[in-house]
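The following note sets out some points for a colleague who wishes to examine the structure at hand. Please read each point alongside the sequence and the coordinates.

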Amino acid sequence: MKRYVVKRIAQYVPVMFGVTLIAFLLINVAGGDPVRTMLGTEASEEQVQMIREDLGLDQPLYVRYFDWLGDVLSGDLGTSIMYGQPVSDLIVQTLPVTFWLAGGALLVSIFIGIPAGIVSATRRNTKFDSGATIAAYSGIAIPNFFLGILLILVFAEYLRVLPASGFVSPLADPIQGIRHLILPWIALGTAQAAIVMRYMRSSLLEVMDQQYVEVARSKGLVPALIQNKHSIMNALIPTVTIIGINLGYLLGGSIVIEEIFALPGFGRLALNGVLNRDFLILQGVLLVTAFLFTTVNFVVDILYTYLDPRIRYE
Amino acid sequence: MSHDRNVETARIETERDQSNPPQQLLDISDLSVTFPSQEGPVEAVTDVSLSIEPGETVGLVGESGSGKSVTAATILGLLEESARIDGSVEFDDQQLLTKTDDELREIRGDRISMIFQETGSSLNPVLTVGDQISETIRTHRSIPNEGISRLETSVLGNLLRSKSHPTNYERSWEQTVELFERVGIPAPEQRALEYPHEYSGGMKQRAMIAMAISCRPDLLIADEPTTALDVTIEAQILDLIDEVQAEFDTAVLFITHDMGVVNEICDRVAVMYAGRVVERAPTDELFAHPKHPYTQALLDSIPSLEGGQTLDPLAGQVPDPTDKPPGCPFGPRCPSATACCDARFPPEYPVTTADEPLPVREGGDDDVPSPRRNDPTGHAVHCVLYGSGDGLAPRRSPSDEDRQNADRGRPETDGGEP
């Protein structure tokens, strides 16, 4: 177990190193001169040169990389040209919004997807199964922006029971906070729930076909024990993988959903960075996204060891 | 069709004549199992009759696809719901085929248990081996508060239960460790806490045997328990089955395709081919005087240590289950087949020893010789070569000559054609 964790950490470090390298190079090979963007077209050649030296842009690439890496490790991601604020501050402000959004959408996907998958598999080819399958494919097929707009129309416009946009931290005001998040959660979580449901269904069907399940039946165990103890645990192993990948994407920020519901989240920050050619924001967003993605996968890998003893002893 | 009915009546009458039939633990009669498939219904098992007395070992032999495993799964009610089952399976005078799943659960694992072929996939990879055995004990031998707990059946049961098992597991756990010791698993206390992937194939099968005998069943169904093991381990496992059988006085239905294993462990044998029992006999009798051409071919395919003989593999293949011949399914491969073999499946004929005259049947208005069950030797065969009358089959005592004849082709005294 310890060896497994150490091994996974050992894999984690080079991945993160690679990510910083790519984030750094990507910005440098991207077209456009940030200094000219800053100074505008009126600036003289001397002014440009002065600013370049001032910012260290005249140094060779590897020197700039290690300078930059040092800054990044000490939490300094630079100052946004557009906002005039440190990028790290911007990320700290927007990330909690995305965490709330992603976390809720994940719970929606788990609490709908897994039970629906289980019931679908255990009542294979029944009305419930066909209904859930149709619902799942609709959930995957309907774009989440469309679903979001539809939800706003129904619940905010006609029924007027939930707010259409904005963010209130649930920590500051739990009721208002959650009311603002319900629609985004559903809009974002539905497709995820559908994916989780399909995965759970097929992996549970596969497990129920295994001989150890027949052995469990031949031992005279009660159906609840066969299902919960012998089948679901095994079926969860591949499902947890897909949930982890889903969470990685969710944490990267759902640009579309954040735009529709006017949530000041990480996805919107990324979008503004792109629209305004604010490279430092993009760099920060890229780093944080990669960090979150690898961390989530790391956690999923650790979670595996609780589900599958074969990994524990590798 | 009329003669079929007559045969049936005759058989039932002869059965009634038996004033004191031996007490059967398991009595399968005329069992047929049909599965729906895209190419139409597939009859996996046809009119199989088989009985097992308490404490006895009966071998069920045949190639893969001959319906052995389906027969076994039918006994425990483990077949998929779409299967159509006809006939009767009586266990301890209870009809199993009409029982509900709830009723069968009382019997499964407790009075009838089963060992499967694939040791690798018989144990759940995410549960400790000890847990998988002790849960059977908890299910069937539960004293209040010591059975399966609600926690255990809940979805989170696995995660919440730590390796140090709470009190209500302890008793079943102690018994599990004892069982491990009994089946020869070294360091049983530690081994019980390990997972299946830490076991070798032989150890897994020992654990499966421990699981199967955990509630001291009356009947143990062993479905090719040694097929996946190498020869030395196979011998150990066979010895172990033999030992526990003697110790617990358990009857064993031993399913295999290996005649060598049959010879070693079984009291009686039924040979299956393409879903039908074609011959049944006490083991010694079957090996000394195999009658059905298929049995003879099976025995010929056993390699012997004495040189000079060449192996005689059986040519041809088992018939396509969706398109079985109407007559004897072995007909197409049989060296002694005659035209009447293709007409329909022959009834069961008793086999008597060479010096004992065949019984003379009265009022022979039938074109088929009278079958007889429960004959003294218990040797019977479904083959027209051994029919006893009315010009259809040769009226003679089948002897070892037949076997040689069967090997070479048609017997000289062939009267099988009408």
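1. The UniProt record, an unreviewed entry, lists residues 12-31, 99-122, 134-158, 178-200, 235-257 and 280-307 of chain A under "transmembrane region". The model discussed here is predicted, and two of the listed segments are examined in it below.

2. Residues 178-200 of chain A are 100% helix and 0% strand.

3. The contact between the chains draws on 24 residues from chain A and 32 residues from chain B. On the side of chain A that touches chain B, two or more residues each come from helix H9 (211-218), helix H10 (223-251), helix H13 (279-307) and helix H14 (309-312) of chain A. H10(A) gives the most to this side, with 8 residues. Sorted by class, the side of chain A that touches chain B comprises 11 nonpolar, 7 polar and 6 charged residues.

4. Pro350(B) belongs to strand E11 (residues 349-350) of chain B. Is Pro350(B) buried or exposed? Pro350(B) counts as buried because 21 C-beta neighbours lie inside 10 Å, where the cut-off for a buried residue is 20 or more.

5. Pro350(B) and Ala380(B) are 30 residues apart along the chain.

Definitions and conventions. Residues are numbered from 1 along each chain as its sequence is written. Chains are lettered from A and ligands numbered from 1 in the order in which they are written. This is a predicted model: local features need pLDDT of at least 70, side-chain atom pairs count only at pLDDT 80 or more; totals for chains, interfaces and linings use all residues. Two residues are in contact if their C-beta atoms, placed from the backbone, lie within 7 Å. Helices (H or I, at least four residues) and strands (E, at least two) are DSSP runs, numbered from the N terminus. Ala, Val, Leu, Ile, Met, Phe, Trp, Tyr, Cys and Pro count as nonpolar, Asp, Glu, Lys and Arg as charged, and the others, Gly among them, as polar. A residue is buried if 20 or more other C-beta atoms lie within 10 Å of its own, exposed if 12 or fewer, and partly exposed in between; C-beta atoms are placed from the backbone. UniProt positions are given in the numbering used here, feature names are shortened, and annotations may be inferred rather than shown by experiment.
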